[in-house]
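Please look over the sequence and the structure shown below before reading on. The paragraphs that follow lead through them step by step.

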Amino acid sequence: MALESPHITAIAIEATEFPDLVQRYRITGVPKTVVDDQIEILGALPEPQFIQEALGALQADDHRQ
Amino acid sequence: MAMLSESDQQQVRQMLAGMIAPVRLVFFTQTLGCDSCVTARRILDEVSALSDLVTVEEYNFILDKEKVAEYSVDRVPAIAVVGEQDHGIRFYGAPAGYEFMSLVDAVLLVSKGDSGLSEETRMRLLDVAAPLSVQVFVTPT
């Protein structure tokens, strides 16, 4: 995703090393994806569903052109 | 002792043979209070030894303020996977276990400049017009 958009940063976080982040983002299982601190996606989804979840909620706000 | 077994090294060497452009692993570390920084550096050294196109660049999280700001790093160990340009791909924590293959994949993607995503996904991502962070939490096992 980061490769395809200059606006997207992709960050992989090793959960066991950063308990503060685990607590802040309420990580109860992995993989868990947090988009823009607000959208949470638990588990690995197929690409179309993942993109839908990750970007779907952004349609109403200023992330879209 | 090597972090990667002989067979892992062989496999990663073969994968990295598919690289096209050079990739820098920009590594942020600190001397005190970061045990996994040592592990992370060893893993990066072993990966870079497997391809002439992979280099490791090390900065100190406390001292190299300019680089910390340039790569927007907020904790250590941190690794930025950077090709001809910085696409904003970061790894926090030692890239061991499953994370190791994700790192190798990221190196390949950046080197080839190809995300491998579908045309439809690419079109949707072009719509993103403001900064968006995608954080993926993982564990080594």
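Leaving aside neighbours within four places in sequence, which residues is Leu16(B) in contact with? In this predicted model, Leu16(B) touches Val47(B), Leu50(B), Ser51(B), Val54(B), Val104(B), Val107(B) and Leu108(B), once neighbours within four places in sequence are set aside. Leu16(B) also belongs to the largest nonpolar core, a set of 42 residues. Together with Met1(A) and Val81(B), Leu16(B) is one of the residues with the most contacts inside this core. Helix 4 of chain B, residues 98-112, supplies the largest share of the core, 7 residues. There is also a second, separate core of 23 residues, and Cys37(B), Tyr59(B), Ala80(B) and Val82(B) are among its members.

One of the partners of Leu16(B) is Ser51(B). Ser51(B) sits in the loop that runs between helix 2 (35-48) and strand 2 (54-60) of chain B. Its relative accessibility is 10%, so Ser51(B) counts as buried, the cut-off being under 20%. A polar atom of the Ser51(B) side chain lies 3.0 Å from the backbone nitrogen of Leu53(B). Apart from neighbours within four places in sequence, Ser51(B) is in contact with Leu16(B) and Met19(B).

Chain A comes next. Chain A has 65 residues, and 43% of them count as buried. Its secondary structure consists of 2 helices and 3 strands, which follow one another along the sequence as β-α-β-β-α. Of the contacts in chain A between residues at least 6 apart in sequence, 10% join residues at least 24 apart. The accessible surface of chain A is about 3,500 Å², and carbon and sulfur atoms account for 51% of that surface.

The two chains meet in a contact that takes 41 residues from chain A and 39 residues from chain B. Between them the chains bury about 4,100 Å², with 57% of this area on carbon and sulfur atoms. There are 2 salt bridges between chain B and chain A. In a salt bridge between Glu4(A) and Arg122(B), the side chains meet at 3.4 Å, N to O. On the side of chain B that touches chain A, the elements giving two or more residues are strand 4 (89-92), helix 4, helix 5 (119-126) and strand 5 (132-138). Strand 5 gives the most to that side, with 7 residues.

Phe137(B) is placed in strand 5 of chain B. Why does Phe137(B) count as buried? Phe137(B) counts as buried because its relative accessibility is 0%. Not counting residues up to four places away in sequence, Phe137(B) touches Ile13(A), Ala15(A), Leu21(A), Tyr25(A), Ile27(A), Val30(A), Pro31(A), Lys32(A) and Val34(A). Phe137(B) and Tyr92(B) are 45 residues apart in sequence, and their C-alpha atoms are 9.7 Å apart in space.

Arg90(B) is placed in strand 4 of chain B. With a relative accessible area of 8%, Arg90(B) is buried. Residues up to four places away in sequence not being counted, Arg90(B) touches Ala10(A), Ile11(A) and Ala12(A), along with Tyr71(B), Ile79(B) and Ala80(B).

Notes. Residues are numbered from 1 along each chain as its sequence is written. Chains are lettered from A and ligands numbered from 1 in the order in which they are written. This is a predicted model: local features need pLDDT of at least 70, side-chain atom pairs count only at pLDDT 80 or more; totals for chains, interfaces and linings use all residues. Side-chain values use heavy atoms; hydrogens and water are left out. Helices (H or I, at least four residues) and strands (E, at least two) are DSSP runs, numbered from the N terminus. Buried means under 20% relative accessible area, exposed over 50%, partly exposed in between (1.4 Å probe, protein chains only). Contact means heavy atoms within 4.5 Å. Accessible areas come from the Shrake-Rupley method with a 1.4 Å probe; for residues, only the protein chains shown count as cover. A nonpolar core is a set of buried Ala, Val, Leu, Ile, Met, Phe, Trp, Tyr and Cys residues joined through side-chain atoms within 4.5 Å. Buried area is the accessible area (1.4 Å probe) that two parts lose on being put together, summed over both. A salt bridge is a side-chain nitrogen of Lys or Arg within 4 Å of a carboxyl oxygen of Asp or Glu. A polar contact is a pair of N or O atoms within 3.5 Å; within protein, one must be able to donate a hydrogen and the other to accept it, and residues adjacent in sequence count only if both atoms are side-chain atoms.
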